[in-house]
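Work through these exercises with the sequence and the coordinates open. Try each task before reading its solution.

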Amino acid sequence: MENQLEIENYRIGKPEAWAGNHNDRELLERLRESEFAKHQIDQGKDFCYFLDKKYRTGNTENREYLCMAYTLNEPANLERASVSDVVVEENEIYHIHRISVVRDGVLIDKIPDTKIKVLDSENQSSGGILSSNKKINITIKDLRLNDILIMEDSRVKVFTERDFLRKEFAKYVWVSPDNYWAYGSYSFTFINDREQRIACRKTFFRDENGNVLEPETHHINKGEEFVYRLENYINPVDASREIFPYIDFATASEWRDLSNYIAPIYEEIFARTSLRDFAPNIIEKLDAIPDTGEKIQFAIEYVQNNIYYIFNADEMNGHRPQEPEVTYENKQGDCKAKSVLLKAILDYIGVDSSIILVNFHTDFYIKYYLPSLLTFNHAIVKINYNGAEYFVDATVRDEFGLPENRGFIYFMHYLEVRKDQELSHRKPYTYPYFCIDEKVDFSVKGKQGTLVLTTTYKGNRANAMRRYFRNTNKREIIDSWNNFLFYSLNYSGDRNGADIRDVFKDPSIEVISDDKKRNEFTIRYTATVENPYFTDQKNNRFLMYFDRNVIKSSARDFIHKDLQFWHNFDSERYEISLSTDQKIDTEEKYTAQESTIRNPYFNFTSRKKIVKNGAVVTIEYSPLVNLEIPKEDFEKFRTDHHTVADSNFGLGIDIIEPGLMNMLKYSFKKKFK
């Protein structure tokens, strides 16, 4: 074997006794062509003859073993097998026990044809992500279509002092097999080698009719194992509409016990922390600010923008935070460090706050998971101020505003770092402001239209737009607005394929104001439009403006059996004014149509004011967010969004063409409505 680098991160040798020992004869016997295997292969599918997986957890190390044999009948699968990467953590060793192929009934050892390279897995270090992980690149020469590849390997992770939490608690999630494969034999074994009892919970398993079963919880004592086996198996999960069944393993604990374990670690730091001792410059600035809300804004923005965020993957395996004076002195730290520094500043101000533990990526699953501190991968700060709760992620940048005007973070579950806490569920939220407040004025005289959009963004929208305008070329911004307006004015219906820059003449877009206390960012777009009317195939002219952002397609199209719809839409207000020097049909149905929707999860109104040469519509959308829509309420929720999409997301006016025949046609149409 060709080894170009030292082999401190991998070994080659036989598996340990606990994993078992498969000899060549046994492996070949397990590759027998059963009727199930023959049927899958005849259909042109790749087939996994067997997969044996074992996971063994102890108080000093975790071990994982895998032995599998699968066909290489598809070129794409052959490519993936020929070159693969294995990432190992600090103090983790990857063991290669066997790399073989069965070709024409003969077992061939491929380890001599294998090249292994050990590389740093630090390709994002410039973004503040530090990791001592290593990437083991494995290249196997001369794999051929229709080979059967046998891989047998294991990994051993020995805990360091940094892994104090892993020493104390176990956490592992087994997910049911990929539905790409058909499996002749599948076996998973979980072995508890810890002093503590481990709980395991089976979730999203289904009965023979596809109905989700109630979760099953079992316990595994030291020295015991949990085994799950499948034979002649194809996972029936509909991946687009169902959640894969999984088994959650965690040290048997309750949330209250876990909060009492973690809280003293933070309390000890705050007990010996004094902002006066290490940050006199911050105190001087805080003392000069008279308003408490402005003090909070200063504290948040100081930590967010002046302390460099370093995500240290190794440090995140535990929850022991860096001292705030070290974070302040070095001007860098991970999420825990930045959150602790922010709380230290808030403590000086006299504002109640706490560190909370979250996991934005698995937030949906936390309510199903067994209690475990290892469920969380991020720390943020909860602030209690003026009777309201505010959640602040100290690791983000360029966010502004007094507490009530700042952006909103969407998540539902968290554990507060205080004693005697249970898992907390956030309350649903109604925006006290419109995230988008836009006025559209489109005035047409003769063959030319003047278009003016004045838009105020607030909260998350203001933060995002502020960054967008700072980082994006002005021409690109204008083209983006032009493209949006091309569809809003329905020009895609009568001049599709036209160069949009030829449609909108002399466009400009400018920042009108940027209020960082109110966190409001206001822009104005202007343009002249030649040939401003949309003309249908019968040469009827219309002036139209329909903002498709008002239509919530994700709500209308949502279909899932297990997930509930996560409601996270922004509040919006639009005032759209269309005027012309032509006579219009003031009684046309869709011109005059108004709408009022009172749904438990959103309110929607569209109100019209119509005059002889134009109309104005005011649209307001106010959602109740940060919640899952219960299944029993969702169809009504969906239907109400269909109502919004039924011409209630903008305004259209019909032009009455001059001439006697057109007037007669209009009168006839009006008479027989």
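Buried means under 20% relative accessible area. The model is predicted.

**Exercise 1.** Locate glycine 184 and decide: buried or exposed?

Solution. 
- Start with the secondary structure: glycine 184 sits in strand β13.
- Next, apply the cut-off. Glycine 184 has 12% relative accessibility, so the residue counts as buried.
- Then list its contacts beyond four places in sequence. Glycine 184 meets Phe36, Phe47, Cys48, Tyr49, Leu230, Glu231 and Asn232.
- Leucine 51 is 133 residues away from glycine 184, yet their C-alpha atoms are 8.5 Å apart.

**Exercise 2.** Describe the second largest pocket: how much space, and which residues are closest to its centre?

Solution. 
- The volume comes to about 800 Å³.
- The lining has 31 residues, with Leu66, Met68, Tyr70, Met151 and Asp153 closest to the centre.
- Sort the lining by class: 21 nonpolar, three polar and seven charged residues.
- Trace the lining to its elements. Those that give at least two residues each include β4 (61-71), α3 (75-82), β11 (148-158) and β13 (182-192).

**Exercise 3.** Which residues have the most contacts inside the largest nonpolar core?

Solution. 
- The core holds 61 residues, and Phe442, Leu451, Trp481, Phe504, Tyr525 and Phe637 have the most contacts inside it.
- Take leucine 451. Beyond four places in sequence, its contacts are Val440, Asp441, Phe442, Leu485, Leu489, Phe504, Tyr525, Thr526 and Ala527.
- A separate core has 47 residues, including Ile265, Ile282, Cys335 and Tyr390.
- In soluble globular proteins, nonpolar side chains tend to be buried together.

Technical notes
Residues are numbered from 1 along each chain as its sequence is written. This is a predicted model: local features need pLDDT of at least 70, side-chain atom pairs count only at pLDDT 80 or more; totals for chains, interfaces and linings use all residues. Side-chain values use heavy atoms; hydrogens and water are left out. On a 1 Å grid over the protein atoms alone, a cavity is a set of points where a 1.4 Å probe fits but cannot get out, and a pocket is an open set with protein on both sides within 12 Å along at least five of seven lines; lining residues have an atom within 4 Å of a point. Grid points are joined across faces, edges and corners, and a volume is the space filled by probe spheres set on the points. Helices (H or I, at least four residues) and strands (E, at least two) are DSSP runs, numbered from the N terminus. Ala, Val, Leu, Ile, Met, Phe, Trp, Tyr, Cys and Pro count as nonpolar, Asp, Glu, Lys and Arg as charged, and the others, Gly among them, as polar. A nonpolar core is a set of buried Ala, Val, Leu, Ile, Met, Phe, Trp, Tyr and Cys residues joined through side-chain atoms within 4.5 Å. Buried means under 20% relative accessible area, exposed over 50%, partly exposed in between (1.4 Å probe, protein chains only). Contact means heavy atoms within 4.5 Å.
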